[in-house]
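Morning, everyone. Please look at the screen.

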Amino acid sequence: MNNKLLMTVLALFCSISLGAQTEETQRIFVYSPGQGDGLHVAVQEGDLWKESGRLCSSDYGTWGAEKRMFHPSVCRANDGTWRLVFQVNDHSPQFAAAYSRDLVNWRPQDYPIMSTKQCLDPVVFENPDGTFDIYYKSPQGKRWTSATPNFRDFTPDQASQISDDAWIRDTATVNGKLYEGNSFEITAKEWAAIAQHFQKSGDDWRKSNERMHDDALPTSALSGFAAKSPLQVTLTVDLSKQKAISDKLIGIFFEDISYAADGGLYAELVQNRDFEYTPKDHRGWSATTAWHSSGKIEIATEHPLSKNNPHYALLVQDTLWNEGWDGIVVEKGKKYDFSMYVLAGGQKQDFIIQLVGQDGKVLASGKLKTAATDWQQFSTVLTAKASDPKARLAIVPQKVARVGIDMVSLFPQETFMNRKNGLRKDLAQVIADLKPKFVRFPGGCMSHGQGLENIYHWNETVGPLQDRKPDFNIWNYHQTRGLGFFEYFQFCEDIGAEPLPVLAAGVPCQNSNANAQGIGGQQGGIPMDDMPAYIQELLDLIDWANGDPATSKWAKMRADAGHPAPFNLKYIGIGNEDIISTVFEERYTMIARAIRAKYPDIKICGTVGPFHAPSADYLEGWEFTKRNPDLQYMVDEHYYESTGWFMHNRNYYDSYDRNSAKVYLGEWAASTNVKRPNVETALAEALYLTDIERNGDVVEMTSYAPMLSKDGHSNWNPDMIYFSNTDVRPTPAYHVQRLFSVYGGDTYVNSRLTIDDLQLGYRIGASVVKNSKTGKTYVKLVNALPCELKLTINGLDIPSTAKMVGFEGKPEDQQFDIKTGEAGSAITLPPYSFRVIEL
Ligand code: AHR
């Protein structure tokens, strides 16, 4: 220890006393200008320090309150690599630790958990053996921990006697303000690479800001192009060059966000049917939310219907009303299944069940005679005599008696495929019409959850409805789990899509709040002692989906629920855009190894974080994937980007390694500042999808996200389909997805769309695919330019009678008609248009 101390202090003073820069070197200063600003670098120019840019930011904890960096301490190791530690807040038993080879690309941060409640002002020094000492301050005094050279493992912390000098930092005045930080001398070559990185980031940022909507502005590079119509473009098709591509390129991602499930696709019309709402779901909510009565609504827990549903209501004589999900849509002539569980201790009680319109008129009525000693379910069918889009449900006791009720349910008899406990017909039909080849579910962030306690456990979502475990939704409402794994799998089967369940990789969302111990973000992951049980839970899912009911208790559960035949699960996703921390990698490895060992045919989909290249998680995620080729069949990439980004990154997958894991672009969408899908976003997506088809040998699947959003309950924009209780509104994004899905293929034919003005190439796109099932060839053409294009085709005959579908509009149009017609003898593409030709 003493030697180490000496070395560290010496190292510190060396760093401070380094002389002025030489011609071949550059002096830099790394520091944080403010807690929310991350780590920056300034460069010395003469006697002045000049800010150059941000190197990395804090990824700790939840958005808003966290993601702060205090007192960064940077150390350069003898091998030239870099280590960074910083304080994350003033209350957590964690500090942040990061590693970089070049100061520009940082490995995702780790947040080692220490024994003290606070880890203040950590500082890092390298030891002669390549390990690192980290000292920090806490209410218990100075503490010390040691890290392995790879900066992944940290020893338990202990008291330290190190001198206060260890905390002496360099200072520099950057842009007129004095900061503490660390100063280093690096080679001119190293500095050139950093400067080049900042230059490229700036260029990328400028390109990402390009908008079709701005094309007409005098400042736009495309200003005046509208007048140049028509421009000549040539599609050259080489039928001799073809390659197999994925036949599952277009699928859907279903997440219960923006009321997509409860109150949305799940057809249940009663809100808070289980009386399980709590303030954890949403501030101000309680067991009586969405219920009304002239008296006080009494809630009891003494004799629960199920341990997972402890609350129920006690009815004496007052009518109990349910407001539904912003009202209940009642349609004349339609039938509705009403049911509820009753606990009456042997008493008889009759109820009148009514649907009541906004004007107080009874739209439907039925009688429920009950006599129950223990919990018992009673049901009746209501037939509507009149319609009202905003009716209420009334439960009217017929005499004075004290009766418990729970799981109060009202379903339209007409659901998608008329399934019991089914899905809203109109909404499910629009989804089915997209002909998705797979469905990813149940999330998103909802899968890995807000903290360890909120991780989605699939086995809590199957079986009798009253035994399913409701939970709060990370999107700030409630999950009944009435739409659970059985219903998801059934829906997949009903629409001919492969199920792709995605479950947590043993870590919750990295943006989680702190737990009771003050540990935020991934919260250290599922404790190692609990990992075997969690892994078993994931193995049980495969058994439940594919097993034989005669030999497997899980498969028997599936059969008992009405599906004796296996669901034929082929894919499983592990993790959702997680930070690829050491905690993640350890747990992912354990899970994937166990699945591979027991179910070698199941294709595992890993994750590479929430953002595209060159984000830290993306880089580490792919490095991890390549280091462990047996642990994933494909990886899930996510990026929500501007239309400009998509137009300028058309070659994103061209250089991907064809011998590594496949890609699932699991969440993506183009957006503008309007945050609604329009012609501009649709065309950017269509351009990108022509490139995805070209790369369909490495990209196996894609899904736009999010899919659904209910009016008045949106957590996120843009979305693919907006809906209310009475209507379903597919957006331009939906139409693009549907056209690429319906007119998808399994063979890519080499083609090139060229334009005389080569600078404009990024605004046009084409792809030619063949579909072995339909025997057809589909040609897709995208024009994201403000002028008409006149097409010459070489290498492919397009009869004038060939079917042609597509759309066009102004960039800002949020609606358009899909036109169907014939190709005609001369194909022209109007400004801002998309066409598919069927051959
Ligand atoms: O699609 C909405 C959210 O975006 C998903 O839940 C999450 O995975 C991503 O951050």
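First, a term: contact means heavy atoms within 4.5 Å. Helices are DSSP runs of H or I, at least four residues, numbered from the N terminus. This is a predicted model; local features need pLDDT of at least 70, side-chain atom pairs count only at pLDDT 80 or more, and totals for chains, interfaces and linings use all residues. Residues are numbered from 1 along each chain as its sequence is written, and side-chain values use heavy atoms, with hydrogens and water left out.

Now the helices. Which residues meet? Glu585, Tyr588 and Thr589 of helix 8 touch Glu620, Phe624 and Arg627 of helix 9. By class, that contact has two nonpolar, one polar and three charged residues. (Ala, Val, Leu, Ile, Met, Phe, Trp, Tyr, Cys and Pro count as nonpolar; Asp, Glu, Lys and Arg as charged; the others, Gly among them, as polar.)

Next, the ligand. Around the ligand sit Phe253, Glu255, Ile257, Gly444, Cys445, Trp475, Asn576, Glu577, Tyr640, Glu667, Pro706 and Trp716, each with a heavy atom within 4 Å of it. That shell divides into seven nonpolar, two polar and three charged.

Now polar contacts, meaning pairs of N or O atoms within 3.5 Å. A polar side-chain atom of Glu667 lies 2.6 Å from a ligand oxygen. For Tyr640, again with a polar side-chain atom, the distance to a ligand oxygen is 2.7 Å. Cys445 uses a backbone N or O atom, 2.8 Å from an oxygen of the ligand. How much of the ligand does the protein bury? Taken alone, the ligand exposes 280 Å², and the protein buries 95% of that (Shrake-Rupley method, 1.4 Å probe).

How values were computed: A polar contact is a pair of N or O atoms within 3.5 Å; within protein, one must be able to donate a hydrogen and the other to accept it, and residues adjacent in sequence count only if both atoms are side-chain atoms. Helices (H or I, at least four residues) and strands (E, at least two) are DSSP runs, numbered from the N terminus.
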